[in-house]
Amino acid sequence: MDGNEVSLSIQHMTKVFPKGEDQLVALDDIGLEVMDGEFVCILGPSGCGKTTLLRIIAGLEKKTDGKIMLKGREVVGPGPDRGMVFQEFALFPWRTVRRNVEFGLEIKGIPPEKRAEVAQKYIDLVGLKGFEDSHPNQLSGGMKQRVGIARAMANEPAILLMDEPFGALDAQTRNQMQKELLRIWAETKKTIIFITHSVDEAVYLSDRVIVLTSRPGRVKTVHTIELPRPRDRASQEFINLRKNILDELEQQRQGI
Amino acid sequence: MTATQKPDRSDRSFFRITRGQASDYVLYAISLIGFLAVWWIGSIVLNKPYLPSPPEVLDAFIKSFDKEQAKAIGGLTMGPQVFASLQRFLLGFGLALVLAVPLGLAMGYSRIFEGLGKPIVEVLRPIPPIAWVPLFFVAFGVFLGPVMTIFLGAFFPILSNVMFGVKSVDPTLMDAAKTLGASKSKIFTKVVFPYTIPYMMTGVTVGLGIAWMCIVAAEMIGARGGGIGAIINNSSTIGLYNYMFAGMVMIAILGIVTVGISKFIEKRVSIWMGMK
Amino acid sequence: MSVNGAGALMKRSYVIAAVLLVAVVVIAVVAWAMLPTTDSSKTIKYTKVAPNMQADGIAQGSIAGGVSWEPYASQAVLSGNAHVLYWSDEIWPDHPCCVIVASNSFLASNPDVVKSFLKADYLANQWIADAIAHPDSANYTLLLRMGAQFSNVNNTVVASSLEHTKFTADLSPSFIDGLKNYTNDFISLNQVTTATLNQRGYSSVDDFISKYVDDSYLSAIDSVQPSTSGTLTNVNVGYLAGDLHQFARLVATNATVGGGTSLFQQYGINAIASSAGGYAAGPSEMDAFATGTVDIGYLGSPPAILKHLNNDIGVKIIAGANTEGSALVVSNDIHSFADLNGKVIGDPGLGSIQHLLLQAIAEKNGYELVAA
């Protein structure tokens, strides 16, 4: 972690969905802070609102109440300062890998040569050198997600939001991508907020794990994981941490 | 599977025909030959003047290009009539394309446009374009009358398909674009529009078929200004049904060729855009 | 640096666009090459315009002239915008025009009714001749009024039409010759082939006419008496819209003419219009014969000949209806046939006698008739 600067700050954030005559409280008084360069996981059972939370941070949905500050400035609405990686990859099928990665740069109006340079850098970073001219439908799932990561990062956002990015991949690819992500994170020192419902993944990847309750979504606990990387899944500390969080979730599920 | 595999580009080559496709063509050939055989036998068995045999139709078809022979159908030779019909077709279809694509995009993307346009579209669409022919002839004359009919015929399929395309855009793609910094207008030009192109091509293919039907019907009903429809009409008046069939064969050929080209383009565009 | 990727895509789209463009240009050039070299000197163009629309067409300038049957020729003239360039009898003196045609099945099943029909028709023609001979009579006024109502023109137009039409059912030798001439015209236009003639069982044009025209019914009408039984036989009668050549039919259905009951009724016939308002042209009426909708009909002799031969429609010509009575009228700024060079003339359509007339006039002047 570089310095102790707060990158993202969420204060008293609430999201309410109107539901007929009633209303559904999806997120209730969420407060959390993410430090610059940190890798944070938001963990919770399905339907606890973690995706909604991420989308509100990204600006794709509106919050009902509260404040979200990024590097000291309030954020409303989507923007290139918060890049996002999607579970379904969301690549533009008619564009090649290179042109997908260049998308954000095109929007910014960066000239073609500079664009190509930057795009190449990130394509190399995610390990897709040689596939610049392929179309998404020629790539495997893992490769597609690498493109997704490259595309988001090429825009050089302040934070990277990842919505269960490896959920659509098979177990082996998933593990591989986790390692790849850590490598990329180490090289770029990006602040990452990562959504998952896999405790194993959360413990493997993150500096801190924020556990949300479900309906309404509240911050239940925050676990700090101080294990050095690369982490050994077989180590006792790993297993303990995982068990703790799993138990916590199980209690939650049983309504304790 | 790591990122060290060389990308496979073989299915992106322009002309590739699989074994499956070859056997399809064999089936097509059998079907057509069978059809011809049934027609031929039928014409002999029935022996009616209104069902000429394939050789008679072929004979009339060839004769229709000759000025001397075509006196039989009032001096209308096939070559210039095909040209006349094609002219009208291209103009009417082009007009439909130019108007329906932007309108479809607007109506698919904007609630306001949709709300304003939908009632008019829904009222006009069910009226068969052919019903407008007598009016168009009087209002627009002998050349533009059929043109407007074709326009109406092709307009609605293109409009519908484009609208549908716009509405089918995966919302996640639009989300991705937003998080990459795209404004609403940039989302439209860089995400929605490219996404809609294959749908537009489908609309074009459908519209093409309808357009050919309209043009012949219009020329037949109007019975002025030539065109293949006029040949068909004249043949019926005189009772020379072999020429009538020849005209119909010509239309079939033109229809198959144009729709075939369109379908080919449609497929290739989809593949080329990676949206097969 | 791989900007080549995008470049390759662009290149491909250019290639496709170029190929398509070339294809379109090639097709256009080929189609253009197939346009016949129009010898712009000495051609007349025709287009289909219904007779009752021709006067307007000439007035508006959309056509330079028109060929039609009476009363529409007179209508155009009396409207002040046109004058007659040729009456049909100037091209073909005493030429046959309309005929009475009967379906073979009706002839077989109701020969006596047919004879009664022809008798009533004959008496109607006599009445018409008498009225025309006495222009001061009440009958003449009645005649004009009937015609005006039927054709939707005024009395003066009707009077003018009567001057150039001869109403007769007589199948004279010259009438028969005229029919042979029409047949030969069709053959020279390739609209009827000798192969077709043979197919229908005729060895030659003469053979055809002698078999197709059956005057046996007409010859028998002298002995036909008015009907004594109270019942009327239904006959589906076909005719052409607004066509005064077929005046006899109109007269025979009129009650005043018959002095209370119409001539048809007096001879035991209930004449039902097979198509309300009449047919637009002869070929359509022949098609109606083919479907059995018409029993006896009045129509032009050329369509009767043409469609019988080409479509094997089972009918026979059993009497004439009129001779002459058509004209080529042209707008007032046309003074000679040469002035029509390259201009468009309206006619009722292919296969009609008026179209053949236009053809004959063109040939007579050394011009070629082409489609507009």
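I count two residues as in contact if their C-beta atoms, placed from the backbone, lie within 7 Å.

The model is predicted; local features need pLDDT of at least 70, side-chain atom pairs count only at pLDDT 80 or more, and totals for chains, interfaces and linings use all residues. Residues are numbered from 1 along each chain as its sequence is written, and chains are lettered from A and ligands numbered from 1 in the order in which they are written.

**Chains A and B.** I looked up the contacts and found 31 residues of chain A touching 20 residues of chain B. On the chain A side, β6, α3 (103-108) and α5 (141-154) each supply at least two residues. Helices (H or I, at least four residues) and strands (E, at least two) are DSSP runs, numbered from the N terminus. I noted that α3(A) gives the most, with four residues.

**Sheet in chain A.** I traced an open, mixed sheet of six strands in the order β6-β7-β8-β3-β9-β10; two strands pair if DSSP finds at least two bridges between them. β6 (82-85) and β10 (219-224) of chain A are the edge strands, each with a single partner strand, so one side of each has no neighbour in the sheet. I then checked one pair: β3 (residues 39-43) and β8 (residues 191-196) of chain A run parallel and are joined by five bridges. Within this pair, A:Cys41 stands opposite A:Phe194.

**Domains of chain C.** I read off domain 1 (1-35), domain 2 (40-94 + 326-371) and domain 3 (98-323), with bounds from an automatic or database domain assignment. Taken over C-alpha atoms, the centres of domain 1 and domain 3 of chain C are 63 Å apart.
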